[in-house]
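Morning, everyone. Let's look at some side-chain contacts together. Have the chain up on your screens, please.

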Amino acid sequence: MNNSKNSFILAGTIIGTLIAGTSAYAGSYQVKSGDTLDKISKANNTTVQHLKSQNHLTSNLIFPGQVLKFNTLNNRTDKSKDKTEKYVVKLGDSLSKIANKYNVSVSALLKLNPNISNSDRIYIGQTIRVSGQASGSSSTAKNSSNATYKVKSGDTLGKIARVNNMTVQQLKSINHLTSTLIFPGQVLKVNAITSNPDKSKNTTDVYVVKLGDSLSTIAKRYNLSLSALLKINPNISNSDRIRIGQTIRVSGKASASASASASNKPSKSTKVDQVLAAGAKYMGAKYVYGASTSRTDVFDCSSFTLRAFQSAGISLPRNSVAQSHVGTAVSSKALQKGDLVFFDTNNDGVINHVGIYAGNGQMLNASTSKGVSYANINNSYWGPSFVKAVRVLN
């Protein structure tokens, strides 16, 4: 009985405190189930840090029934909300880690970055907005771009730019890209320039190759001869060899195509981007020693590099030792993106691992511990094991 009485008194005291707290401050809020400091601060025109400071909170932990004090911020703080901060993705980052770092929710981060279509897929070097107004971001996106494009296997920025009547620089600018590296599934903003839409004869249609397609079946579908199809696609050197995901021009002037043949011909940088993008789409795939080259769910180190280089039309031998003998040897100080880097992790004088150099000291590889992933070639594990590098992309 005594315990019940004490409980009743304690409960009454808590309720009294909450009521007193509510009436004591004109700016106060009683926490409800599902609330977060971020949600409360936004609803009351303040910041998480300001809310924590006013209520002497040492963490973001709050509980239903808790009464929080707040003072709405002045105009100077409101102006600061309009400032946009950006963060460049580093190795090991995820959207949730970035959100925690800047005291925002993942959903708020996605609103600030409408170009991110998959919250589980960000890439090293990508620029993420971490502050600013989502509405402003959305309206800017609509004004600067009237359409989006989802990257497919085999795509390059040059190819996407040409299809949408843009330059590569324009495409990089409106998508805040710092390099020409893109990956399948990535959503890009595009802003098709239709300065003279009446000249339909200059319009170019394209077709993306699917399983079972051949040049002859594509030509027949668009009422073209095989020779006509080859004329408007001068980059195709072998009519019997096309790949799934490849973009084929199926209309347009052959002369215009011929004059642009130099730009259509894949450059070294385009091939490098193709290789790295092809490899990156298998991120997270597990490592299995001796994995079949026909499998894309698991890899060993050399089946992974073999598969990635196939995207640029380059055939590599099956194992890492044989791959180390192709191309031209390069110094570790002169590494370029797309170079193959080789290691001897057993220190027995025999190469047993290969990866693709991705720039900034990083390689894309299939390792025994992490599967397909990025790794620093200069860290304490890979650095001492480095043997050589070769360049197969010229």
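Start at Arg295. Arg295 is partly exposed, because its relative accessibility of 38% falls between the 20% and 50% cut-offs. Keep in mind that this is a predicted model. Arg295 makes a salt bridge with Asp297, and their closest N and O atoms are 2.8 Å apart. Asp297 is partly exposed too, at 44%.

How many salt bridges does a search of the whole structure find? Three.

Next, Asp300 and Arg318. Their closest N and O atoms are 3.0 Å apart, in a salt bridge. Asp300 sits in the loop between strand E10 and helix H15, and Arg318 in the loop between H15 and helix H16, so the bridge ties together parts 18 residues apart in sequence. Asp300 is buried, at 6%. Arg318 is partly exposed, at 30%.

Now Arg391 and Asp339. This salt bridge has an N to O distance of 2.9 Å. Arg391 is in strand E16, and Asp339 is in the loop between strands E11 and E12, so parts 52 residues apart in sequence are tied together. Buried or exposed, these two? Both are buried.

On to the rings. The count is seven aromatic pairs. One of them is Tyr207 with Tyr222, edge-to-face, with centres 6.0 Å apart and 65° between the planes. Tyr207 is in strand E7, while Tyr222 is in the loop between helices H10 and H11, 15 residues apart. Tyr207 is buried at 5%. Tyr222 is partly exposed at 32%.

Phe299 and Phe304 have ring centres 5.7 Å apart and planes at 80°, so they are edge-to-face. Both are buried.

Last one: Phe343, Tyr381, Trp382 and Phe386 make up one aromatic cluster.

Definitions and conventions. Residues numbered from 1 in each chain as written. Predicted model: local features only at pLDDT ≥ 70, side-chain atom pairs only at ≥ 80, totals over all residues. Heavy atoms only, no water. Phe/Tyr/Trp six-rings, centres within 6.5 Å; stacked < 30°, edge-to-face > 60°. Helix = DSSP H or I, 4+ residues; strand = E, 2+ residues; numbered from the N terminus. Buried < 20%, exposed > 50% of the residue type's maximum accessible area, 1.4 Å probe, protein only. Salt bridge = Lys/Arg side-chain N within 4 Å of Asp/Glu carboxyl O.
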